[in-house]
Amino acid sequence: MITNKLAVEALNNTGISVLKSLKGKHVLVTGTTGFVGKVIIEKLMRDVPDIGGIYLLIRGNRQHPTAESRFMHEVASSSIFETLQHDASQAFERFCRQKIHCVTGEVTERHFGLNTADFNTLINKVDVVVNSAASVNFREALDQALLINALSLYNIAEFSQLAGHIPVLQVSTCYVNGFNQGDLAENNVAPTSGLIVYDANGYYKVEALIDELQNKISVLKDSFTGSELDDQLVALGIGESNRFGWNDTYTFTKWMGEQILRKALKGSALTILRPAIVESTLIGPVPGWIEGIKVADAILMAYAREKVTFFPGDPQGIIDIIPADLVANSVILGVAELLHQTDKTSEGESLEPQHRVYQCCSSGSNPVTIAQMIKLVQLEADENYQQHEKLFYRKPKRPFMMVSKSVFLGMMSAMKLPLLAVNKVGKWFGRDIQSKTLDNIETAMNLSTVFSFYSEPKYRFHNEQLMALSNRIDVAERSLFPVDARLIDWDRYMRKIHIPGLNRYALKERTLKKGNVNVDEPKSKAA
Ligand SMILES: NC(=O)c1ccc[n+]([C@@H]2O[C@H](COP(=O)([O-])OP(=O)(O)OC[C@H]3O[C@@H](n4cnc5c(N)ncnc54)[C@H](OP(=O)(O)O)[C@@H]3O)[C@@H](O)[C@H]2O)c1
């Protein structure tokens, strides 16, 4: 018995060591000014201190023209680093000084817009790329979404090749599965429309698709200008996404990004890591850390502020939420596996570079329905709304209900038409009687346009491959990098972690304007 146990442990311990695989290695990471990127960097700094270095590719902006300045003001100053700074402030500063390398560049440009000398330095230093940069706006203008979510992958692939076929980890999304339904495994996604076909080598013909889309973009650019052009480009993105098999421009272009990498990195190692809806951290660096208002939270906020009391959706649908630290850990495990393989190959083992897909998600292994989520939010609102004063201004008076999309649209127009008429009469007498109710209807309609696909889920994402990877990790390190969604107790997560986290980290202090309540809310982001 004891012998067997020892044998199993010995076997387990021949697994991949994250700490050894990353020791002395240099990682190029994009998207670190964003939510997920920050969680990845923090975890690497906290728990992989022997990493060789982290290169951050950051574009300059108006306020901070250099990557270094953006890192100082937008990344290092983030509340996610409070724990590190509190526990080991000198180590944190030393790590920033010695191991963080800020590179001002544009991932959307060839050679990242760097001069030859800087680009060559980068290709000589970096061992692995983590690409997290993306436009996560569901309704991005098609030309912009194509640029960052699809075309920039050619630059990433070229960088990998020039750096010596180094491996790439692409942060994608489970929602590249588009209109596919049912149980969705960690595979390449076939578009439901059947309109995108394979080439002779078994790759989807993405170049032809992109050419077709670019032609349509050019026609619009010849015909429209200004905000009218912007609206047309957004509408084109949604129309084409729906036609080809996706709900929105974000997920359609992210699918194209995956396909570009698959083909361009033939013969090199590629890991596609697809998170579901990423929300606040479960465990580290603190439970509940989050930045910005994400998909599900925009609806939660609208309910908390009593702007929306019913919404289109399927209460029995399974929503897929995954805490950000489990996503960061999955990225790190994926990177460790890629580097482990590189090491084995350089030691003489003949290992074919592989293309892998991992889904970091909860719906397959720890499902929670939308109705359960709503119940938890309402319970917290009823019992403890005063503890979350930036989220709830008072106890919401009405319950939140899910109705079918057709019922929702019918209810909205039935409410809106008479209000518009009354308002018109009111305005003749200088009074804007119903504008608040009209605003609320507008909020609900806008939210439903963007999010109703996500509140009527007809799919469950599975993560067996990710769990198998976790089981290949050195047994002593597994608990340092947990990725298993079964760790989530939904009641505790929503009520004791996520809602307090939103209140503490994502929402600004409430500001009052001359008798009127006014909120200074952060910009709502989708994902
Ligand atoms: N958040 C989620 O729920 C979720 C779910 C599934 C998958 N993901 C994936 O996770 C990754 C990170 O998402 P996130 O939530 O961290 O998004 P985020 O907070 O919006 O951050 C996006 C990052 O991408 C960069 N970026 C955007 N447009 C760019 C452009 N044109 N050129 C260069 N950089 C650009 C941003 O840089 P700037 O600051 O310079 O704009 C920022 O660093 C994405 O690949 C996304 O698809 C996210």
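Predicted model: local features only at pLDDT ≥ 70, side-chain atom pairs only at ≥ 80, totals over all residues.
View 1

**View 2. The shell of residues around the ligand.** The ligand is surrounded by 25 residues, the closest being Thr 33, Arg 59, Arg 70, Tyr 250 and Lys 254. By residue class, this shell divides into 14 nonpolar, seven polar and four charged residues. At least two residues of the shell come from each of H3, helix H10 (249-264) and strand S8 (277-279).

**View 3. Arg 70 and its surroundings.** Arg 70, one of the closest residues to the ligand, is found in helix H4. With a relative accessible area of 10%, Arg 70 falls under the 20% limit and is therefore classed as buried. Apart from its neighbours within four places in sequence, Arg 70 is in contact with Thr 33, Ile 58, Arg 59, Gly 60, Asn 61, His 64 and Val 75; among these partners, Thr 33 and Arg 59 are also listed with the residues closest to the ligand.

**View 4. Val 36 in helix H3.** Val 36 lies in helix H3, which comprises residues 35-47, and is buried, with a relative accessible area of 17%. The C-alpha atoms of Val 36 and Glu 240, which are 204 residues apart along the chain, are separated by 28 Å.

**View 5. Aromatic pairing of Phe 81 and Phe 92.** The structure holds 24 aromatic pairs. In the pair formed by Phe 81 and Phe 92, the ring centres are 5.4 Å apart and the planes meet at 40°, so the pair is tilted. Phe 81 sits in the loop between helix H4 (67-75) and helix H5 (82-99), whereas Phe 92 belongs to helix H5, eleven residues apart. Phe 81 is buried, with a relative accessible area of 0%, and Phe 92 also counts as buried, at 5% relative accessibility.

**View 6. An aromatic cluster.** Phe 138, Tyr 175, Phe 179, Tyr 250, Phe 451, Phe 453, Tyr 454, Tyr 459 and Phe 461 form one aromatic cluster. Tyr 250, a member of this cluster, is also one of the residues closest to the ligand.

Methods: Residues numbered from 1 in each chain as written. Heavy atoms only, no water. Helix = DSSP H or I, 4+ residues; strand = E, 2+ residues; numbered from the N terminus. Buried < 20%, exposed > 50% of the residue type's maximum accessible area, 1.4 Å probe, protein only. Phe/Tyr/Trp six-rings, centres within 6.5 Å; stacked < 30°, edge-to-face > 60°. Contact = heavy atoms within 4.5 Å. Near = heavy atom within 4 Å. Nonpolar A, V, L, I, M, F, W, Y, C, P; charged D, E, K, R; others polar.
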